[in-house]
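Please examine the sequence and the structure shown below. The paragraphs that follow lead through them step by step.

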Amino acid sequence: MSWIPYGRQDITESDIEAVVHVLRSDFVTQGPVVDQFEQAIADYCGVGHAVAVNSATSALHIACLALNLGEGGLVWTTPNTFVATANCARYCGADVGFVDIDAATYNLCPVELERQLQSTVEKGEKLPDIVIAVHFAGQSCDMQSIDRLAKQYGFLVIEDASHAIGGYYKGKPIGNCEYSDIAVFSFHPVKIITCGEGGVAVTRSPESARRMQRLRSHGIDRPAKVADVEDAEPWVYYQNELGFNYRLTDIQAALGLSQLSRLDDYVSKRHELARRYDRLLNSENLILPFQSPDACSSMHLYPIQVLENADAGIDRRSTFNQLLNDGIGINVHYIPVHTQPYYQALGNKKGEYPVAEAYYSRAISLPLFGVMTFEEQDRVVESLASILYPKTIAS
Ligand SMILES: *Cc1c(COP(=O)(O)O)cnc(C)c1O
């Protein structure tokens with residue numbers, strides 16, 4: 001029986017041709033194809049500026065720096081995310097706090113955010129400089145509420161849209177930055193489209209874009225700027241601050257650009273598969289993912305919750321093992337970040353974010369990817385059926 005992964009990239013002949021074309025050209029590091037890729041992402045999102053880098057982790061790091069996060073700074077984010085969302089604040093020397101999730105969407109809860117902001121003011125403690133909203137599974141957070149609180153309490157907003165390229169919020173593409181300062185996408189192979197490794201930060205602010213361009217390349221300004229300096233030696237360049245080598249290559253950008261042309265097809269296929277899961281998985285022991293009417297998800301993940309039923313011998317662990325034994329590569333998104341040993345050592349404790357922890361204790365992400373077949377999906381459903389409702393095997 002062949003293995004079904006929880007996510008899988010799709011590389012076509014035209015992707016391969018695009019990459020080979022770059023390999024035969026003059027630029028194998030950052031060059032004209034990176035510019036084209038950035039322009040194509042900016043156009044897709046309807047946003048002014050896109051800065052491509054070698055991962056979403058790097059994009060989150062330079063996004064925080066571009067918003068002037070530093071020592072003594074404070075970032076709040078959701079515990080239901082990959083560790084990179086919180087780590088970017090630590091790279092800047094800032095502290096991280098968490099805000100519990102909404103029980104229906106599994107996204108950062110705006111009601112909880114407001115409650116925490118109010119109590120922070122009452123206690124006279126430090127308010128966050130930045131809130132990082134993560135569009136979990138590809139479904140947008142309630143950005144209007146977060147934006148309203150940002151204006152009221154004076155913090156900046158980064159969208160970690162690593163899951164969410166191709167998704168929409170209130171009819172506009174995620175990455176549009178109507179309700180945020182910077183949004184970040186990931187092009188890791190398990191995400192919607194891939195560069196092998198890669199990420200991009202998008203923003204409406206030309207200043208933030210320039211700052212991120214400088215930070216991705218050692219803190220050195222582009223040669224065009226040097227040409228503006230009177231009497232500059234022709235070989236000169238200026239390192240104006242401490243930056244990094246976070247550049248994307250034209251080889252990676254060519255793959256990303258070629259994949260981008262199929263983004264909408266992948267998202268519709270994911271929607272079709274998700275609707276099919278919705279239809280085929282009817283068990284009182286499961287909670288299926290809720291779709292907010294304000295959001296059109298990219299459907300990066302299809303997370304189910306397995307409700308414990310001691311009489312029937314059903315729980316998350318046994319369900320997970322059953323699927324694994326049947327050759328199905330499920331996963332769990334996410335172990336709450338505040339419970340990781342590194343974050344516990346910083347003073348966080350289990351039990352502090354009960355909604356995220358309860359969700360996590362029951363969560364399994366089922367296989368879902370742009371080129372998944374109905375036959376593969378049927379195998380997942382049958383495996384689940386055999387443990388959840390053994391007497392009435394689903395078709
Ligand atoms: C994948 C992911 C990242 C990191 O992306 P990389 O491109 O692998 O660095 C960050 N945040 C979230 C929510 C992710 O899923």
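Which residue in S13 is the bridge partner of Gln305? The bridge partner is Ala363. Before this answer is placed in its surroundings, it should be noted that the model is a predicted one.

The bridge between Gln305 and Ala363 belongs to the pairing of strand S12 (residues 302–306) with S13, which is antiparallel and comprises 4 bridges. Together with S10, these strands form an open sheet of 3 strands in the order S10-S12-S13, with antiparallel pairing. Strand S10 (286–287) and strand S13 (363–366) are the edge strands, since each pairs on one side only. A helix accompanies this sheet: H13 lies across S12 and S13 and runs at about 90 degrees to S12.

A second open sheet has 7 strands in the order S1-S9-S8-S5-S4-S2-S3, and its pairing is mixed. S1 and S3 each have a single partner strand, so one side of each lacks a neighbour in the sheet. On average, neighbouring strands here are turned by 20 degrees against each other, direction ignored. In general, the strands of a sheet pair through backbone hydrogen bonds, in a parallel or an antiparallel manner.

Both manners of pairing can be followed from S8. On one hand, S5 and S8 run parallel and are joined by 3 bridges; Asp160 stands opposite Val184 in S8. On the other hand, S8 pairs with strand S9 (residues 199–203) in the antiparallel sense over 5 bridges, and Ser186 has Gly199 in S9 as its bridge partner. S9 also pairs with S1, again in the antiparallel sense and over 5 bridges. In that pairing, Gly199 in S9 is the bridge partner of Val53. Helix H2 (residues 32–45) runs at about 130 degrees to S1, while H7 runs at about 15 degrees to S1.

The next topic is the nonpolar interior. In soluble globular proteins, nonpolar side chains tend to be buried together. The largest nonpolar core in this model has 43 residues, and those with the most contacts inside it are Leu69, Ile158, Ile182, Val184 and Met212. Among the elements that give two or more residues to this core are strand S1 (49–53), helix H3 (56–66), strand S8 (182–186) and helix H7 (206–215). H3 gives the most, with 8 residues. Apart from this core lies another of 31 residues, among them Val22, Phe185, Cys195 and Val202. Leaving aside neighbours within four places in sequence, Ile158 is in contact with residues including Leu60, Ala63, Ile132 and Ile182.

Helix H6 (residues 143–153) also has buried residues, namely Met143, Ser145, Ile146, Asp147, Leu149, Ala150 and Tyr153. Their cover includes helix H5 (110–122), strand S4 (130–134), strand S5 (156–160) and strand S6 (168–169). After H6 comes Gly154, which has a positive phi, near 75 degrees.

Phe98 is buried, with a relative accessible area of 0%, and Tyr353 counts as buried at 12%. Ring pairs link Phe98, Tyr342, Tyr343 and Tyr353 into a cluster.

Charged side chains also lie over rings. Lys269 is over the face of Phe374, at 5.9 Å from the ring centre, and Arg316 is over the face of Tyr360, at 5.0 Å from the ring centre.

Key: Residues are numbered from 1 along each chain as its sequence is written. This is a predicted model: local features need pLDDT of at least 70, side-chain atom pairs count only at pLDDT 80 or more; totals for chains, interfaces and linings use all residues. Side-chain values use heavy atoms; hydrogens and water are left out. Buried means under 20% relative accessible area, exposed over 50%, partly exposed in between (1.4 Å probe, protein chains only). Rings of Phe, Tyr and Trp (its six-membered ring) pair if their centres lie within 6.5 Å; planes under 30 degrees apart count as stacked, over 60 as edge-to-face and the rest as tilted. A charge sits over a ring if NZ of Lys or CZ of Arg is within 6 Å of the ring centre and within 35 degrees of the ring normal. Two strands pair if DSSP finds at least two bridges between them. Contact means heavy atoms within 4.5 Å. Axes are lines fitted to C-alpha atoms, for helices over the stretch in contact, and angles run from 0 to 180 degrees between N-to-C directions. A nonpolar core is a set of buried Ala, Val, Leu, Ile, Met, Phe, Trp, Tyr and Cys residues joined through side-chain atoms within 4.5 Å.
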